[in-house]
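Open the model in your viewer and keep the selection tool ready. We will stop at charged pairs, then at aromatic rings.

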Amino acid sequence: MIIQPCQTSHNNNLNHTITTMKALSPAQCNHILSLLDSGHSGHEISTQTGVSNATISRLRSRHRPYLRKPSGGRPSKLSEQDICYTLRLIGTGKAENAVQVAKTLQEMTGNTLSAQTIRNGMKEVGMKAVVKKKRPLLTKHHRRERLDFALSHQNWTMDDWKKVVWSDETKINHLGSDGRSWVWKKAGEGLSDRLVEGTRKFGGGSLMMWGCMMWEGVGFACKIDGRMDGDLYIKMLDE
């Protein structure tokens with residue numbers, strides 16, 4: 001659509017724009033405005049017409065303030081379908097990280113994709129990378145046994161549970177813990193004894209302890225010598 005100059009207030013504004021923007025002709029201004037209306041970016045119009053981006057931006061602000069400015073940067077390599085498929089791969093466990101997702105999408109689409117591109121796409125839809133929690137590995141057999149236990153005990157009374165002995169074993173280190181140790185540190189603070197956890201070869205030694213609790217209270221703590229097996233467990237309960 002070509003905007004013809006006429007005796008209107010818009011035309012007066014356009015004439016004022018022409019005189020203040022390096023003497024653009026009415027035809028140039030109309031051509032630029034028509035390109036803006038058709039969805040071209042300022043960079044594309046500047047390349048096509050030879051008019052600076054700053055001049056095109058002022059024309060847009062003055063005569064087309066309602067037009068949505070295109071986002072900067074090059075277009076994303078990932079389409080909405082790619083993002084949805086990425087979320088499906090992660091959600092179903094078919095892929096665990098961006099490297100695996102990028103490899104799968106490359107094989108499907110034939111496009112070259114980096115792992116960082118996948119990470120950026122997942123962050124844009126609210127995904128974030130976290131450290132996996134460590135828990136005992138449960139196989140299908142374990143899950144079935146736990147479900148069977150829950151179903152067989154769902155109608156137990158308080159008196160039934162009073163007969164149960166709850167027991168477990170734990171490792172006690174002579175120095176520190178097997179887990180992470182946290183400490184508060186000032187910005188720029190140098191290394192000091194307060195910020196260091198001392199270690200020794202082979203961990204400095206440890207011992208295994210066994211304990212239990214019942215309805216009446218806690219039981220005695222026992223030191224475990226050797227490997228815990230069924231016979232040793234029964235012997236501890238008897239004693």
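Start with one term: a residue is buried under 20% relative accessible area, exposed over 50%, and partly exposed in between (1.4 Å probe, protein chains only). This is a predicted model: local features need pLDDT of at least 70, side-chain atom pairs count only at pLDDT 80 or more, and totals for chains, interfaces and linings use all residues. Residues are numbered from 1 along each chain as its sequence is written, and side-chain values use heavy atoms, with hydrogens and water left out.

**Charged pairs**

Side chains of opposite charge can pair when their charged atoms come close. A salt bridge here is a side-chain nitrogen of Lys or Arg within 4 Å of a carboxyl oxygen of Asp or Glu. How many salt bridges does a search of the whole structure find? It finds five.

Select Asp 159 and Lys 162. Their side chains form a salt bridge, 3.8 Å from N to O. Lys 162 is partly exposed, at 30% relative accessible area.

Next, select Lys 223 and Asp 225. This salt bridge spans 2.5 Å, N to O. Asp 225 is exposed, with 59% relative accessibility.

Now pick Glu 96 and Lys 132. Their side chains meet in a salt bridge at 3.4 Å, N to O. Glu 96 sits in the loop between α5 (80-92) and α6 (98-109), and Lys 132 in the loop between α7 (115-124) and α8 (140-152), so the pair ties together parts 36 residues apart in sequence. Helices (H or I, at least four residues) and strands (E, at least two) are DSSP runs, numbered from the N terminus. Are these two residues buried or exposed? Glu 96 is exposed at 56%, and Lys 132 is exposed at 63%.

**Aromatic rings**

Rings of Phe, Tyr and Trp (its six-membered ring) pair if their centres lie within 6.5 Å; planes under 30 degrees apart are stacked, over 60 edge-to-face, and the rest tilted. The count is three aromatic pairs.

Select Trp 156 and Trp 161. Their ring centres are 4.7 Å apart and their planes stand at 55 degrees, so this pair is tilted. Trp 156 is partly exposed at 34%. Trp 161 is partly exposed at 28%.

Move to Trp 210 and Tyr 233. They form an edge-to-face pair, 6.1 Å centre to centre, with 85 degrees between the planes. Trp 210 is in strand β2 (residues 206-214) and Tyr 233 in helix α10 (residues 230-238), so the pair links distant parts of the chain, 23 residues apart. Trp 210 is buried at 4%, while Tyr 233 is partly exposed at 27%.

Trp 156, Trp 161 and Trp 166 form one aromatic cluster.
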